[in-house]
Amino acid sequence: MALGTYYYVVEGTGDSQYLAQVKNPAAFAETGTKVLRVIVPTGGTHLINSGADGFEDVQYGVLSIRSRAEGPVLRSYHEWTLSERVPFDGK
């Protein structure tokens, strides 16, 4: 992926959850909602709205994103520069 910001939300239910890309930031999250910001080595930014129970962990250098602690892995990053929870600013 190139430079830029990409928005992802959790869709589906239970163990059938997955991350779907959203093109419109207004449909991504309400301003102030805590989201996960992941900066990838190419300089791009991935904003992930994994919900109030969103969970991420790092094992053996791999960042795994889940919608809840015991939920399925929705996405893994083998290379990433920064991962942090931030309030969504609407952009």
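The structure is a predicted model, in which local features need pLDDT of at least 70 and side-chain atom pairs count only at pLDDT 80 or more, while totals for chains, interfaces and linings use all residues. Residues are numbered from 1 along each chain as its sequence is written, and side-chain values use heavy atoms, with hydrogens and water left out. The chain holds eight strands and zero helices, where helices (H or I, at least four residues) and strands (E, at least two) are DSSP runs numbered from the N terminus.

**Fold and dimensions**

- Along the sequence the elements follow the pattern β-β-β-β-β-β-β-β.
- The radius of gyration of the chain is 12 Å, which agrees with the value near 12 Å for a compact globule of 91 residues; the radius is taken over C-alpha atoms, and the globule rule is 2.2 Å times the number of residues to the power 0.38.
- The C-alpha trace spans about 30 × 30 × 20 Å along its principal axes.
- Of the contacts (heavy atoms within 4.5 Å) with a separation of 6 or more, 49% are between residues 24 or more positions apart.

**Surface and burial**

- Of the 91 residues, 37% count as buried, where buried means under 20% relative accessible area, exposed over 50% and partly exposed in between (1.4 Å probe, protein chains only).
- The accessible surface comes to about 5,400 Å², and carbon and sulfur atoms contribute 50% of that area.

**Salt bridges**

- There are three salt bridges, each defined as a side-chain nitrogen of Lys or Arg within 4 Å of a carboxyl oxygen of Asp or Glu.
- R68 pairs with D15, their closest N and O atoms being 3.7 Å apart; R68 is in the loop between β6 (62–66) and β7 (73–77), and D15, 53 residues away, is in the loop between β1 (5–11) and β2 (18–22).
- In this pair R68 is partly exposed at 31% relative accessibility, whereas D15 is exposed at 65%.
- R37 pairs with E84 at 2.1 Å between the closest N and O atoms; because R37 lies in strand β3 (residues 34–39) and E84 in strand β8 (residues 82–87), the pair ties together parts that are 47 residues apart in sequence.
- R37 is partly exposed at 28%, and E84 is partly exposed at 26%.
- R85 pairs with E56 at 2.8 Å between the closest N and O atoms, linking strand β8 to strand β5 (residues 55–59) across 29 residues.
- R85 is partly exposed at 27%, and E56 is partly exposed at 25%.

How values were computed. Accessible areas come from the Shrake-Rupley method with a 1.4 Å probe; for residues, only the protein chains shown count as cover.
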